[in-house]
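The sequence and structure follow.

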Amino acid sequence: MLLNFAEFLVYDCLGLDLQSRFAAALEFFIYDSLKIFLLLLGMFFVIGVFRTYLPERRLRAWMGKGGWWANFIASLFGAITPFCSCSSIPIFISLLKAGVPLGVTFSFLVTSPIINEYLVILMIGEFGMPVTLAYVLSGLTIGTLSGGLLGRMHLEGLIERDIVSEASSDVDERQHTWKSRLSFGWSESLAVIRQIWLWVLVGVAVGAY
């Protein structure tokens with residue numbers, strides 16, 4: 001349907017030549033842009049609703065136990081939370097103050113910027129599920145192993161205590177209704193689209209060229 005709509009715009013509405021390279025590039029640009037934006041909007045909405053179900057206190061409790069399982073949970077938490085590097089650092093510090101071992105918090109910190117929903121969704125659309133799954137599993141493995149190894153280096157004595165003591169470990173855990181979950185997912189998906197729409201168009205334009 002999207003492809004038919006792109007062809008209608010390019011060849012019927014604009015009247016461009018079927019053999020034109022520019023027409024083919026424009027058709028690709030319109031089709032791919034619509035496909036990616038619809039995919040992003042839908043997936044961000046689903047992820048936003050899913051995030052309202054995350055038992056953050058329980059996750060912190062699991063991470064606080066230490067061990068490779070805690071490293072994996074921390075990596076998974078970093079993968080499914082859409083934090084950029086600037087917001088990952090405060091969460092990292094808050095986890096430390098909550099008593100989570102340093103190596104486990106490193107698993108979160110390493111994985112958080114490596115795996116994010118934006119890239120995963122774009123990779124599914126462009127490269128398919130097998131490649132995307134390999135990327136996600138690699139990111140989780142890197143986060144889990146690096147955090148586990150750093151934890152066994154016993155670097156706790158190098159932490160700036162003043163920074164940790166000033167951090168807040170409070171997490172806003174709202175009591176959601178079904179309506180508020182849907183509202184949260186929708187508002188988050190729109191907010192993310194507003195932040196990245198230009199870069200998506202630039203990327204598609206480069207691909208079309």
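Of the 209 residues of the protein, 35% count as buried (under 20% relative accessible area; exposed is over 50% and partly exposed lies in between, with a 1.4 Å probe and protein chains only). The model is predicted: local features need pLDDT of at least 70, side-chain atom pairs count only at pLDDT 80 or more, and totals for chains, interfaces and linings use all residues. Residues are numbered from 1 along each chain as its sequence is written, and side-chain values use heavy atoms, with hydrogens and water left out.

**Fold**
- The protein contains ten helices and zero strands (DSSP runs numbered from the N terminus: H or I of at least four residues for helices, E of at least two for strands).
- Of the contacts (heavy atoms within 4.5 Å) with a separation of 6 or more, 77% join residues 24 or more positions apart.

**Helix H6**
- Helix H6 (residues 102–114) has 13 residues and spans 19 Å from its first C-alpha to its last, close to the expected 18 Å (1.5 Å times one less than the number of residues).
- Its buried residues include Leu102, Val104, Phe108 and Thr111.

**Asp32**
- Asp32 lies in helix H2 (residues 21–51) and counts as buried because its relative accessibility is 5%.
- Leaving aside residues up to four places away in sequence, Asp32 touches Glu126 and Val204.

**Trp199**
- Trp199 is found in helix H10 (residues 178–208) and counts as exposed because its relative accessibility is 63%.
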